[in-house]
Amino acid sequence: MLELPESATVARQMTDMFAGRTVSLVEAAHTAHGFAFYSHDAEEYPSLLVGKTLDACVGVGGIVDATIEDMHLALSEGVNIRHFEADAKPPKKYQFRMMFDDGSGFTCSVQMYGAMMVYPQGITDNSYYNVVFEKPSPLTDAFDRRYFDGIVESTEDKLSAKALLATQQRIPGLGNGVLQDILFNAGIHPQRKLRDMDRSDFDALFASIKNTLAEMTERGGRDTDKDLFGNPGGYKTVLSTKNDPCPRCGGPITRKAYLGGNVYFCPACQPL
């Protein structure tokens, strides 16, 4: 799933590969998928994008956003974006394909759910899309300690550390995937209530958000996800399986279903 480190990586790669290229073909809804979402009927996509030049792509939250002259193509989390060379055959199944004037391009395949939407000038009433531009990214200086404290203060203290970080789009692009290592590096149990945390805990949590996400992004995303070329990211996740011992204390890693997904943690290093 695209989270902040992966969207930033794929956006950078797409800019490197396609910036300045003219769109020659667009195909939407090629393979039926019950949880693939579009902003327009499939037949409308070519008229919105073909003949226009891709200017640049940015990773915002869990979205790769491509500026194509007066249009924005938003590819959300859950969309696998893969490059293909000129004259290469596309895969048998995919939900979206874009080709450029040199014959190269990319396909999008949806995992569990995903969206491939086009917005004129980036203007939309889609709140999920809008909020990623409204809130500062942890990868920027605007996401500072004062901003983070504001998030904490506006959150009910009965909620847990996981709820704080990975629900209600409080921090767009920070999802259940990157959450595991952030909490491990901070020494915070995912179920620990905010009311049971003190200033030093929030100091550690803020530092871990900034440092862990920066390292993941600098290394091209996590090794549990793939980039534009189908290669795993260079960041080796610490807590991606319960079978590995804790790298800090050597004890067992626990996996538990919590708040709509599995959480991994070390009971010794992340006490509740």
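How do β4 and β5 pair, and over how many bridges? The pairing is antiparallel and extends over 5 bridges; two strands count as paired if DSSP finds at least two bridges between them. Helices (H or I, at least four residues) and strands (E, at least two) are DSSP runs, numbered from the N terminus. The model is predicted, local features need pLDDT of at least 70 and side-chain atom pairs count only at pLDDT 80 or more, whereas totals for chains, interfaces and linings use all residues. Residues are numbered from 1 along each chain as its sequence is written, and side-chain values use heavy atoms, with hydrogens and water left out.

β4 and β5 belong to an open sheet of 5 strands with mixed pairing, in the order β2-β9-β5-β4-β3. β2 (36-38) and β3 (54-60) are its edge strands, each pairing on one side only. On average, neighbouring strands of this sheet are turned by 15° against each other, direction ignored; axes are lines fitted to C-alpha atoms, for helices over the stretch in contact, and angles run from 0 to 180 degrees between N-to-C directions. β3 and β4 (residues 63-68) run antiparallel and are joined by 6 bridges, with Ala56 opposite Thr67 in β4. Helix α1 (residues 4-18) packs on the sheet and touches β3 and β4, its direction making about 170° with that of β3; contact means heavy atoms within 4.5 Å. Helix α3 (residues 127-134) also packs on the sheet, touching β3, β4, β5 (71-75) and β9 (114-120), with its direction at about 85° to that of β4.

Within β5, Leu75 is the bridge partner of Val64. The hairpin of β4 and β5 has 2 residues between the strands, and Glu69 takes a positive phi near 55° there. β5 is also joined to β9 by 5 bridges in the antiparallel sense, and His72 has Tyr119 in β9 as its bridge partner. Because 5 of the 5 residues of β5 are buried, the strand is largely enclosed by the rest of the structure; buried means under 20% relative accessible area, exposed over 50%, and partly exposed in between (1.4 Å probe, protein chains only). Met71, Leu73 and Leu75 point one way from β5, while His72 and Ala74 point the other way.

A second open sheet has 4 strands in the order β1-β7-β8-β6, with antiparallel pairing. Its edge strands are β1 (23-28) and β6. β1 is joined to β7 (residues 96-100) by 5 bridges, and Val23 stands opposite Phe100 in β7. α1 lies across β6, β7 and β8 (105-110), running at about 25° to β6.

The largest pocket holds about 950 Å³ of space. On a 1 Å grid over the protein atoms alone, a cavity is a set of points where a 1.4 Å probe fits but cannot get out, and a pocket is an open set with protein on both sides within 12 Å along at least five of seven lines; lining residues have an atom within 4 Å of a point. Grid points are joined across faces, edges and corners, and a volume is the space filled by probe spheres set on the points. Of the 43 lining residues of the largest pocket, Met1, Glu3, Gly175, Asn176 and Gly177 are the closest to its centre.

The second largest pocket has about 190 Å³ of space. β9 and α3 each supply at least two residues of its lining, and β9 gives the most, with 3 residues.
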